[in-house]
Amino acid sequence: IDEKIFIETVKKLNKLELIDYFEGKAAKTSDQNFSNYIVYKVLVEDKTITLSELIAKLYPNCILKIINAINMIYGIFYSVDAEKYIVSQIKEIWKNEPYSSDSRFLYHFYNVDRIKAIKMIKKEIDDCEGKPFDLKEFDFHSKENNQRIDDKKIEILSNFKYGELEDEAIDLLIAYYKKRPDLIMDFYFAFILNLGIDEHSNYNKFATELKIIDKFMTAINLKDENMYNLSYLLIRIIKDFLKYERHITKQSRKKLTINYIRIALIASDEVYNFRKILFETLGALYKDDEYKKMIEDILLDYHIYPSNEDTNKIFKKDLETLNTTFFKNWKDLDFIQCDILKEFENKCNRIEIDIPEELEKYKENEQYLILHSLELERDFHKDWKKAQKDRQERVIDLIKDYKIEDFSNLFEICKIGEQFQDRLKMYNINNSIIEIFNYLIVEKKEEFLSIFKEYID
C-alpha cells in the first residue's frame, strides 16, 4: 500500500486503540495487541495447541483467562472459520467427563450448545429440593433497586429471549420458581430485564412478554399450592411492563462505549393490545381479595401523564379497558377505589375529554368527599404554594359552620382513613386537622375544648 493509505489506516487503528501513533513520526503495535495476535496465531491459525487441549490442561483454575482469550479472538480476529473451530473444540471436550456433568462448565459455555444447556439445567431443576417461602411477609420494595441476578440457572435461562428455545426457557424458569420462591428477586429481574420489554419488543408485537403472561396464567389457573407465589410475581412483572418509558444501557459491539437507550411507548395497535391484555390479566387476579391491594396500588400509581399525542391516545385506550375491567364493576366504593376514580377524572380534565360516568361514582361516597377535602390536590403544573393555600381555604370553608356532632363525624372519617394511611396523602390530612384546631382556638374558643374532647375520644 502507498504511504497515504498506510497513514490513514494507522490513524483508524489508533482510534480503535489497537496501535500507538506518535504524531506522524512512528506507529507501534502495543505489547497487549501483539500478545493477542500470538494467542490467535497459536490457538486458531497454526493450532500449535488445540483449544480443547488447552481447556483440558487449564480447567477449572484458569477458565476465565481462556474465556477472555476466546472473547478477544471473536472481537479482534473474528471469521466464520474461527468461530466454527472454537465451537467445535468446546463441543468436543463437553462430551467428556468431568465437563459433561459440570455445572461450572455449563455456566461458562452454554451458548455453544443451547439444547445441551437446557437439558442440563432441566435436570438440575428437577433434582433440586423445594424451599418454602412466605411472600406475604416479604419486603419487595426494599430490594427493588438491587438489579442483579445471582443464581446462574436463572441468569442463563433469561438469556434465551428471541431464540428457538425461548418457550422452554420460560417454562423452566416458572418450574424453578415454584421450587425456589425465595429467589423471587432473581426471577423478577430475569423477567423484566432480560426477557422483558426492550428496543425490539414493539416490532415483535410484544410476543415474548405476552408469552410470559400466558404461561404464568396457565400455571396460576391450576389453583394449586403455588397459586399465590405465581400471582404475586406476575403482578410485579405486569407493573413493570406497564411503565410508559424505560432506560437500558448496553455495551457497544466494540466494547469501547456504552449505549444508553430510552424506550418510550408509541401509540399503536400493538401497544393498545398489549396493555389491554395486561389490564385484563390484573382484572382476573383482582377477583381474589388476596391481590386486591397490590393491584389497586398499580392503578393508584398509573404513571401515564397525558401530555402529547401518543400519551393522550394510550391513556384513552387504557381508560376504555379499565372502565370495562374494573370501574364499572365497583360497588360500595372504599376510599382507595374512590381515590383511583378521582385521579383518572383529573387526567380526563387535563386533556379535556368527556368524563365516563363510571369515574364519577366516587361522588356517591360522602365520607370520601369529606376526606378528600382535607387532602392536598395539586395538578402537575400547579404551583405548590397555591395548592396549599387552596387546601387551607377549602378546609376552613368546610368546617366553619360545623356543630360538635359534625366534628365528631369528621374525626370518625379520618379514623377510617387511617386504615389507608400508607396509600392516601395522610400527611396533608394531618396538616388539615392542625389547621382546623388553629382556626377553632381563634374563632370558636368557647367550643374548642368540647371539640378537642371529641377528637381525643
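**Close-up 1. Helices α17 and α19 pack against each other**. This is a predicted model, with local features needing pLDDT of at least 70, side-chain atom pairs pLDDT 80 or more, and totals for chains, interfaces and linings using all residues. Residues are numbered from 1 along each chain as its sequence is written, and side-chain values use heavy atoms, without hydrogens and water. Helix α17 spans residues 366-374 and helix α19 residues 404-417. Helices are DSSP runs (H or I, at least four residues), numbered from the N terminus. The axes lie 10 Å apart at about 85°. They are lines fitted to C-alpha atoms over the stretch in contact, and angles run from 0 to 180 degrees between N-to-C directions. α17 and α19 are therefore roughly perpendicular (65 to 115 degrees).

**Close-up 2. Tyr74 pairs with Tyr78**. The whole structure holds 40 aromatic pairs (ring centres of Phe, Tyr or the six-membered ring of Trp within 6.5 Å).

**Close-up 3. Tyr302 pairs with Phe344**. Here the centres are 5.0 Å apart and the planes again at 50°, so this pair is tilted. Tyr302 lies in the loop between α14 and α15, and Phe344 in helix α16, so the pair ties together parts 42 residues apart in sequence. Both residues are buried (under 20% relative accessible area, 1.4 Å probe, protein chains only). Ring pairs link Tyr302 and Phe344 into a cluster that includes Trp330.

Definitions and conventions: Helix = DSSP H or I, 4+ residues; strand = E, 2+ residues; numbered from the N terminus. Parallel < 35°, antiparallel > 145°, perpendicular 65-115°, else oblique. Phe/Tyr/Trp six-rings, centres within 6.5 Å; stacked < 30°, edge-to-face > 60°. Buried < 20%, exposed > 50% of the residue type's maximum accessible area, 1.4 Å probe, protein only.
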